[in-house]
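Work through each task before reading its solution.

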Amino acid sequence: MSMISGLLEYLRGNEKKTASIAKERLQIILAHERAGRGASTPDYMPALREELLAVIAKYIHVDRDLIKVQLEKHGEYDVLEVNITLPESIRN
Amino acid sequence: MPKVIVVTSGKGGVGKTTTSASFSSGLALRGNKTVVIDFDVGLRNLDLIMGCERRVVYDIINVINGEISLKQALIKDKNCDNLYILPASQTRDKDALNLEGVERILNELKESFDCIVCDSPAGIESGAFMAMYFADEALVVTNPEVSSVRDSDRILGILAAKSKRAVDGLEPVKEHLLVTRYAPDRVEAGEMLSVTDIQEILRIPLLGVIPESETILQASNSGTPAIHLEKSDVAEAYKDVVARFMGEEVPMRFITPEKKSFFKRLLGGL
């Protein structure tokens, strides 16, 4: 946002309304809480995640935080998504 | 088929007991033989809201323990012929309830009542669990406020996973959203979550909207369920809720700001 449009918005009193902030915050936290509830996360998930991390670490040196393992529902299918962000040094 | 309906929310102070009182009265006014049960053992309040606190002799725990018959504990409502109240115990602690006892009471009530309304305590502890476990339908009472919406979502998760219907693999508990303390003018000003927002987040069908109103306090002050306060917004809104619950198509009311008259605007501007 440029300074001028920001200034205009400020003058018009168009700053983000709290109701829409509330909605956004709820959508994010509930998506997270629902994912961690019931059958959507089988109890083997933490162990699976740890073992995957161990295998990857044997070959590549990556930051643990850059490896994401999650189970998602896409219609009728459950998709196991393993997302590894490789460090710059390996990509070249 | 008699129906067991739980009025629940997770969060406290959102209007469960107010709703239980008016909803059960509304069902009774329409000819359904109705009983409303207070599950808040240790903190009973339904008796006060229904205005029968001085007539409580026995309670649900006396029945569970087999000290008296169910009939002896039921209190006839002073406003509706078809309505009875089963109070919670004020002196015992909440562990005095157990699933077997509750099931026995509900089965006995099903023999003579059409609708059994269970007023759940706040929280997700045993009292709330007992109130929802045997439910066929659930009224999820939600305020347009982040903590209430989050707690309602949690309760919906529990209904879907831990209720008897879920455990037995039957058709799931039928869920209804009831938004209370709604202030359309604040929604329009962008200061309050709208009904549409809440519905989008919780993804359950909307049964009704009860506007924020001074009537509620007047109703509880006098021990008369708000649905009986003629000509008030709240009474009308609760009557709509009951009508929709019984399958009638009634358009939503009280979701847009009242048009202010010229004079009101003039006075409001001063």
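**Exercise 1.** Classify the burial of B:F23 from its relative accessibility.

Solution. B:F23 has 0% relative accessibility, so B:F23 counts as buried. Buried means under 20% relative accessible area, exposed over 50%, and partly exposed in between (1.4 Å probe, protein chains only). B:F245, at 9% relative accessibility, therefore also counts as buried.

The model is predicted: local features need pLDDT of at least 70, side-chain atom pairs count only at pLDDT 80 or more, and totals for chains, interfaces and linings use all residues. Residues are numbered from 1 along each chain as its sequence is written, chains are lettered from A and ligands numbered from 1 in the order in which they are written, and side-chain values use heavy atoms, with hydrogens and water left out.

**Exercise 2.** Count the aromatic pairs over all chains and work out the geometry of two of them.

Solution. Rings of Phe, Tyr and Trp (its six-membered ring) pair if their centres lie within 6.5 Å; planes under 30 degrees apart count as stacked, over 60 as edge-to-face and the rest as tilted. The count over all chains is four aromatic pairs. For B:F23 and B:F245, the ring centres are 5.1 Å apart and the planes stand at 90 degrees, so this pair is edge-to-face. B:F23 belongs to helix α1 (residues 16-29) of chain B and B:F245 to helix α12 (residues 233-245) of chain B, so the pair ties together parts 222 residues apart in sequence. Helices (H or I, at least four residues) and strands (E, at least two) are DSSP runs, numbered from the N terminus.

B:Y133 and B:F134 are also an edge-to-face pair, at 4.9 Å centre to centre and 90 degrees between the planes. Both B:Y133 and B:F134 are buried. One aromatic cluster is formed by B:F129, B:Y133 and B:F134.

**Exercise 3.** Describe the contact of α2(A) with α7(B).

Solution. Helix α2 (residues 18-35) of chain A packs on helix α7 (residues 146-162) of chain B at about 25 degrees, with the axes 10 Å apart. Axes are lines fitted to C-alpha atoms, for helices over the stretch in contact, and angles run from 0 to 180 degrees between N-to-C directions. Contact means heavy atoms within 4.5 Å. On the α2(A) side the residues include A:A22, A:L26 and A:I29, and B:V146 and B:V149 are among those they meet in α7(B).

**Exercise 4.** List the elements of chain A in order.

Solution. Chain A has four helices and two strands. From the N terminus the order is α-α-α-β-β-α. Of its 92 residues, 13% count as buried.
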